[in-house]
Amino acid sequence: ALILMGHFNKSSAAMSVTAAAERDLPIYCVEKDENDKRISISFDAAWDNSDSEMISNILVERNIRTTFFVVGDWVDKYPETVKMLSDAGHEVMNHSSKHPHMTQISTEKMKQELEDCGSKIESITGNKPNLFRPPYGDYNNDVVKTARECGYYTIQWNIDSLDWKDLTADEIYKRVVPKVTPGSIILFHNAAKHTPEALPKILDDLMAQGYEIVPISELIIKDNYKIDANGMQYSI
């Protein structure tokens, strides 16, 4: 019995390793050496629009271009903001059309979500988006695979500001700056209560540490890469 138990335990472990190896992961961060201190800051825009212009101004004042993931319904409500962000040099990327849990809808509906939002962005900016952030950070193999088939790299984050929880500016700063390493992708929201207050010090301190803040499309590896079990993308 003990011999059989050992056999099954080894088999189960082997199956677990195989299953982990077959996971189709999004990009959480990118491997960079110590001399490449590029990082990315991203903003999700799904509901409100109260702080988008203020955030963009803070970024532009520092000559920083970054990435905004927008929902199709938000594009319908605020097309002038989408154009303003694009004209300011920021990337406007796909965050779905209706902000559903992508894991709970069919493949065809996933494709429709991506297509609808992507076409709305392109009609305003003239640029077809190629990055996708799943609503709620909710994904599985099918979501990542479907996005790839539609021409998208699926992007998560490895540092979450939790700004949507109405943390104070100091709390947001402490959640972000001490955790940043080369290749990090940081998550903010365009309508969180204290993000505009927290952002200047975060940006200034990161730049003082030698970090270069770039849009996500300039951070990630486009070809010949793998993603490890922690979501770190690296060249092969």
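So, the surface: the protein exposes about 11800 Å², and carbon and sulfur atoms supply 50% of that. Those accessible areas come from the Shrake-Rupley method with a 1.4 Å probe, and for residues only the protein chains shown count as cover. Before I go on, this is a predicted model: local features need pLDDT of at least 70, side-chain atom pairs count only at pLDDT 80 or more, and totals for chains, interfaces and linings use all residues. Residues are numbered from 1 along each chain as its sequence is written, and side-chain values use heavy atoms, with hydrogens and water left out.

What about the inside? Of the 236 residues in the protein, 49% are buried. Buried means under 20% relative accessible area, exposed means over 50%, and partly exposed is in between, with a 1.4 Å probe and protein chains only.

Okay, the overall build. The protein has 9 helices and 11 strands. Its radius of gyration is 19 Å, close to the 18 Å that the globule rule gives for 236 residues, so the protein is as compact as a globular protein of that length. That radius is taken over C-alpha atoms, and the rule is 2.2 Å times the number of residues to the power 0.38.

Now, who touches whom? Take the contacts in the protein with a separation of 6 or more: 76% of them are between residues 24 or more positions apart. A contact here is heavy atoms within 4.5 Å.

Let's look at I41 as an example. I41 sits in strand β2, and at 0% relative accessibility it counts as buried. Which residues is I41 in contact with, leaving aside its neighbours within four places in sequence? The list is T66, T67, I186, F188, L203, I213 and V214. P134 is 93 residues away from I41 in sequence, and their C-alpha atoms are 16 Å apart.

For another case, go to K226 in strand β10, residues 225-227. K226 is partly exposed, at 47% relative accessible area. Skipping residues up to four places away in sequence, K226 touches M232, Q233, Y234 and I236. And I27 is 199 residues from K226 along the chain, yet their C-alpha atoms are separated by 9.6 Å.

On to charges. There are 25 positive and 36 negative charges, and their mean positions are 4 Å apart. Lys and Arg count as positive, Asp and Glu as negative, while His and the chain ends are not counted. Each charge is placed at NZ of Lys, CZ of Arg, CG of Asp or CD of Glu.

How many salt bridges does the structure hold? It holds 14, where a salt bridge is a side-chain nitrogen of Lys or Arg within 4 Å of a carboxyl oxygen of Asp or Glu.

Here's one to find on the screen: R133 and D44, with the closest N and O atoms 2.9 Å apart. R133 is in the loop between β5 (131-132) and α6 (141-149), and D44 is in strand β2 (residues 38-45), so this pair ties together parts that are 89 residues apart in sequence. Are these two buried or exposed? R133 is buried, at 0%, and D44 is buried too, at 7%.

Next up, D76 and K120 meet at 2.8 Å, N to O. D76 belongs to helix α3 (residues 72-77) and K120 to helix α5, so they link parts 44 residues apart in sequence. Both are partly exposed: D76 at 47% and K120 at 21%.

Then D36 and R38 form a salt bridge at 2.9 Å, N to O, and K32, D36 and R38 are linked in a network of salt bridges. R38 is partly exposed, at 23%.

Last stop, the backbone. N63 has a positive phi of about 60 degrees although it is not a glycine. N63 lies in the loop between α2 (52-61) and β3 (67-70) and counts as exposed, at 72%. Y136 isn't a glycine either, and its phi is positive at about 65 degrees. You'll find Y136 in the loop between β5 and α6.

Technical notes:
Helices (H or I, at least four residues) and strands (E, at least two) are DSSP runs, numbered from the N terminus.
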